[in-house]
Amino acid sequence: MSSEELKLNVEKALDEIRPFLQSDGGDINLLSIDDGTLVKVQLVGACTSCSVNQMTLKSGVEMTIKKYAPQIERVINVE
């Protein structure tokens, strides 16, 4: 998968998650994909102060991204 295809797949995953985050007053932005295995995102809005945002990141965001781009190993939130 080319880096452009990888980015498109990660964006598709985020588009799948975004409505759930937005319904709670938050959102997510893709910052970068490093070495083809690490995705850096930024949780914004209500997601920044949510007490379960790390669980959302691991259970929701990371799992969905891996569905679209299996080579991704980790997803981290950059504040």
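The legends below accompany several views of one predicted protein model.

View 1. Along the principal axes, the C-alpha trace spans about 35 × 20 × 20 Å.

**View 2. The open sheet of 3 strands.** The strands are arranged in the order E1-E2-E3, and their pairing is mixed. Strand E1 (26-34) and strand E3 (74-77) form the edges, each of them pairing on one side only. On average, and with direction ignored, neighbouring strands of this sheet are turned by 30° against each other.

**View 3. The pairing of E1 with E2.** Strand E2, made up of residues 38-45, pairs with E1 in the antiparallel sense over 8 bridges. In one of these pairings, Leu 30 has Val 41 in E2 as its bridge partner.

**View 4. The helices against the sheet.** Helix H1, residues 3-23, lies across E1 and E2 and runs at about 160° to E1. Helix H2, residues 53-68, lies across E1, E2 and E3, and its direction makes an angle of about 140° with E3.

**View 5. Surface and interior of the chain.** Of the 79 residues, 34% count as buried, while the chain exposes about 4,700 Å², of which carbon and sulfur atoms supply 52%. Among contacts between residues at least 6 apart in sequence, 48% join residues at least 24 apart.

Conventions. Residues numbered from 1 in each chain as written. Predicted model: local features only at pLDDT ≥ 70, side-chain atom pairs only at ≥ 80, totals over all residues. Heavy atoms only, no water. Pairing = 2+ DSSP bridges. Helix = DSSP H or I, 4+ residues; strand = E, 2+ residues; numbered from the N terminus. Axes fitted to C-alpha atoms, helices over the stretch in contact; angles between N-to-C directions. Contact = heavy atoms within 4.5 Å. Buried < 20%, exposed > 50% of the residue type's maximum accessible area, 1.4 Å probe, protein only. Areas by Shrake-Rupley, 256 points an atom, 1.4 Å probe, with all protein chains shown as cover.
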